[in-house]
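The following exercises concern the structure shown below.

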Amino acid sequence: MKKLALHWQILIGMVVGVLFGFLMTQFTWGKVFVGNWIKPLGTIFVNLLKLIAVPLILASLIKGISDLKDISKFKRIGGRTIIIYILTTVVAITIGLVLVNILKPGDGITTTTIEKLTTAYAGNSKISERIAEAGRQQQSGPLQFVIDMVPQNAVAAMSNNKLMLQVIFFAIFLGISMLLIKEKQAAPLKQFFDSLNEVVLKMVDLIMLSAPYAVFALLANVVVTSDDPDILIALLRYAGVVFVGLALMIAVYCILVMLITKKSPIWFLKQISPAQLLAFSTSSSAATLPVTMERVEEHIGVDKEVSSFVLPVGATINMDGTSLYQAVASVFIMQVLWPEGLTFSNQITIVVTALLASIGSAAVPGAGMVMLVIVLEAIGFPSDKLPIGLALIFAVDRPLDMLRTTVNVTGDATVSMLVAKSVGKLGTPKVKEWDDHYKQ
């Protein structure tokens, strides 16, 4: 009997998790039961993915650069990667702005709903933290994000997943330095990282065996901890606009894949689907990175020289889904609380600020909400209404975060294919199973 494909197993786990979560909401003890006995399974899975993220980036990036033999190839890959990421982010922001101006979801929010949301969320500690963090970001200099990329201590950077850009910087620096010494001298170090890369990829295969059970646990916990359903229904129009925008962004990726790489969009989505489903379940591009790299390299055929640079960089600075959300959320909040601010110049400012914030704030915890505060303050949104504005969208932020992370990961995979095709590094997939070389 043929084994059920991984993406179907994960999808079944998600559906069962949602149904189980709804079932547990019918019991007074359900939320506590899920929190004590179900949620830890998902937490352990996410921790395992985060555990191998730094070793994978380090090994894969150093191996990819040292395999190039020529620094000019790295410059080509790096330049094209940054340009395509910027272009896709601008497209995402533009789609968001067009949709929110046409559909006007803010027109459906009543004064009663605003008061209810304000009472429920305006004093929320998470909202206060995001506003404070945005303030710290704005007080820093224009090149602070560049300073933050350069680690003072490589070991310290590798001990903190939030410092992924610093790990990438160190790996690139080390890889380039290996290219600039004699091949014989670099060989032992290269051999070590080649071996480490293979071992970590095998760890990804082993971790993925538990993915269906993990997404069951993650989704069950999301359901039992969800907010007031009446508020969610009131914000359905806003959430719907974000959803349509994100779906259109997926369509843009599919068109790019079809036109530039000549691959079937359906085939592409099928190959990347386990990473998409994990991104949806975990709401973390960084946690999903090991799986994204495994799917792109082994199942799509992108050469490691390309994927080892494009994907880690994308996981930290490419936020197409999040940027689209910034555009919709900021205009939605203005439609409800500050309609006089809906000028053309302000919307141009949103495009520029959201683009820069997606790069500069990539490593900040709760980056989506922090970026939104920065965007709103850049257009002069009244500071006294800011907590109310964030309260308007806070109730549906979790499910939308799951969706926009899925788009972020899909965008990373798409750009890796485009860059690989442009430099002749998109080959035939070579799938490795978890039990390769395993003897019973």
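**Exercise 1.** State how many helices and strands the chain of this predicted model contains.

*Solution.* The assignment gives 20 helices.

**Exercise 2.** Determine what radius of gyration a compact globule of 440 residues would have, and set the value of the chain beside it.

*Solution.* Step 1: for 440 residues, the rule of 2.2 Å times the number of residues to the power 0.38 places a compact globule near 22 Å. Step 2: the chain has a radius of gyration of 22 Å, and therefore agrees with the rule. Step 3: the extents of the C-alpha trace along its principal axes are about 70 × 50 × 45 Å. Step 4: of the contacts with a separation of 6 or more, 84% join residues 24 or more positions apart.

**Exercise 3.** Describe the surface of the chain and the placement of its charged side chains.

*Solution.* Step 1: the accessible surface is about 19,900 Å², and carbon and sulfur atoms contribute 66% of this area. Step 2: 52% of the 440 residues count as buried. Step 3: there are 35 positive and 29 negative side chains, and 7 Å separates the centres of the two sets.

**Exercise 4.** Classify the ring pair of Phe169 and Phe173 from its geometry.

*Solution.* Step 1: the chain has eight aromatic pairs. Step 2: in the pair of Phe169 and Phe173, the ring centres are 6.0 Å apart and the planes meet at 45°. Step 3: an angle under 30 degrees would be stacked and one over 60 edge-to-face, so this pair is tilted. Step 4: both residues belong to helix 8 (residues 164–179), where they are four residues apart, about one turn of the helix. Step 5: Phe169 is partly exposed, because its relative accessible area is 31%, whereas Phe173, at 53%, is exposed.

A further pair, Phe192 and Phe193, has a centre-to-centre distance of 5.1 Å and 75° between the planes, and is edge-to-face. Phe193 has a relative accessibility of 7% and therefore counts as buried. Ring pairs also link Phe27, Trp29 and Phe33 into a cluster.

**Exercise 5.** Is Ser323 buried or exposed, and which residues does Ser323 touch beyond four places in sequence?

*Solution.* Step 1: Ser323 lies in helix 16 (residues 320–337). Step 2: the relative accessibility of Ser323 is 0%, so Ser323 counts as buried. Step 3: leaving aside residues up to four places away in sequence, Ser323 touches Thr89, Ile93, Ala354, Ser358 and Met371.

How values were computed: Residues numbered from 1 in each chain as written. Predicted model: local features only at pLDDT ≥ 70, side-chain atom pairs only at ≥ 80, totals over all residues. Heavy atoms only, no water. Helix = DSSP H or I, 4+ residues; strand = E, 2+ residues; numbered from the N terminus. Buried < 20%, exposed > 50% of the residue type's maximum accessible area, 1.4 Å probe, protein only. Contact = heavy atoms within 4.5 Å. Areas by Shrake-Rupley, 256 points an atom, 1.4 Å probe, with all protein chains shown as cover. Lys, Arg positive; Asp, Glu negative; His and termini not counted. Charge placed at Lys NZ, Arg CZ, Asp CG, Glu CD. Phe/Tyr/Trp six-rings, centres within 6.5 Å; stacked < 30°, edge-to-face > 60°.
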